[in-house]
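Please keep the sequence and the 3D view at hand while reading.

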Amino acid sequence: MSRTGLEDAYIMRGSKKLRMGYTTGSCAAAAARGAAFMLLSGKEIQEVKIHTPKGIVLNLELLDIRRSAEKVSCAVRKDGGDDPDVTDKALIYAEVTFGTEEGIVIDGGFGVGRVTKPGLDQPVGNAAINHVPRQMIRENVEEIQKKLDDFRALQVVISVPEGEELAKHTFNPRLGIIGGISILGTSGIVVPMSEEALISTIRVEMEMRKAQGDRVLLVTPGNYGQDFLKTYPWVRADHSVKCSNYVGKTLEFAAELGFDAILFVAHLGKFVKVSGGIMNTHSHEADCRAELLTAQAVRAGADLALAKKLLETGTTEEAVQILKEAGCLKETMEKVTEKIAFYMNYHIEGRVQTEAIVFSSNEGLLGETPGAGELLERLREQEEKENRKE
């Protein structure tokens, strides 16, 4: 096997050198190109070259080649580089047959998911092959047709034998994509631990909630928030969006997509940072949890001795217990939520109503912004409306 074209493609994360890879979309396009060439030419080839949207040319090996006069299938093995992707090393197959419809028809087979909810990249009923991979597949097959001067109708079916199992470890079940993985990639190249990819996934979930008619967006940073939602039995956790550390981006998307309001349900350890205007709560971006909580405790009347004690804490759970024992937890949380409300509203210039509910693992509900109760009621109505549809 010759070089793929990514041998020298790395990015740096701190002092670590991380190898780049190629997407399931690039694999599908390469397999489709190879299968189309072998079907139309009658010749067998072992590798193909494709141009990715990022401008990198990939040279990819074709595996498990199966040929007949009427159809050819082959596979390309996904290489995610140093990205922790569940689809790494999966075989992405393309089967090309002579079609009954004019032109090139692209569909998904076994292990490629089907879209069941509106608001995603593809309409309901379509295979979950996003528009950029679809375009890559089409362009590569068209290039083969032009090269061989053979424009017979072709059907391309993409499949992933492991796809149904792999999909259980992706966002697909939450997004309403059933039966397999999605064929993805906007650049054709995988950037290890791409922040952009995670932010893009958050936006996709938000677009889906909007397409389903939600006016109030319910958001949790992660699993702690989703667990706490059980406090409100009428709220379905699977109707919330996980924003991870990207509070600011989520607020911006909510404004851009036209939601009326957004309600965050978050652990104090994450959202005390928002009380200081920190909109990316990852510890590499900023911490200051003890400092910010101490500042609000002082505003609530804490003396110097209590402030020093709080500054020495390692976790917000520990700090909450100290505040509780000192008798000023409620007053401190009122100050914290006041600042959270201010900075969320300030970040998007009041374009969307922004509210938050803050809790701790040991004490449960700690505080909420003034309009949070109203949004909980609107969420109840939203859930009832959706249940009537079902």
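How many aromatic pairs does the structure hold? The structure holds 6 aromatic pairs, where rings of Phe, Tyr and Trp (its six-membered ring) pair if their centres lie within 6.5 Å.

## Basis of the report

The model is predicted: local features need pLDDT of at least 70 and side-chain atom pairs count only at pLDDT 80 or more, while totals for chains, interfaces and linings use all residues. Residues are numbered from 1 along each chain as its sequence is written, and side-chain values use heavy atoms, with hydrogens and water left out.

## Aromatic rings

Tyr232 and Trp234 form an edge-to-face pair, 5.8 Å centre to centre and with 65 degrees between the planes; planes under 30 degrees apart count as stacked, over 60 as edge-to-face and the rest as tilted. Tyr232 is buried, with a relative accessible area of 10%, whereas Trp234 is partly exposed at 26% (buried means under 20% relative accessible area, exposed over 50%, partly exposed in between, with a 1.4 Å probe and protein chains only). Ring pairs also join Tyr232 and Trp234 with Phe228 and Phe359 in a cluster.

The pair of Phe264 and Phe271 is tilted, because the ring centres are 5.2 Å apart and the planes lie at 45 degrees. Phe264 is buried at 0% relative accessibility, and Phe271 is buried at 0% as well.

## Charges over rings

Arg380 lies over the face of Trp234, at 4.0 Å from the ring centre. The charged end of Arg203 sits over the ring of Phe253, 5.1 Å from its centre. A charge sits over a ring if NZ of Lys or CZ of Arg is within 6 Å of the ring centre and within 35 degrees of the ring normal.

## The largest pocket

The largest pocket holds about 1,600 Å³ of space. A pocket is an open set of points on a 1 Å grid over the protein atoms alone, where a 1.4 Å probe fits, with protein on both sides within 12 Å along at least five of seven lines; lining residues have an atom within 4 Å of a point. The volume is the space filled by probe spheres set on the points, which are joined across faces, edges and corners.

Of the 46 lining residues, Leu184, Gly185, Ala197, Leu198 and Thr201 are the closest to the centre of the largest pocket.

## The second largest pocket

The second largest pocket has a volume of about 280 Å³. Its lining has 12 residues, and Met193, Glu195, Tyr246, His282 and His284 lie nearest its centre.
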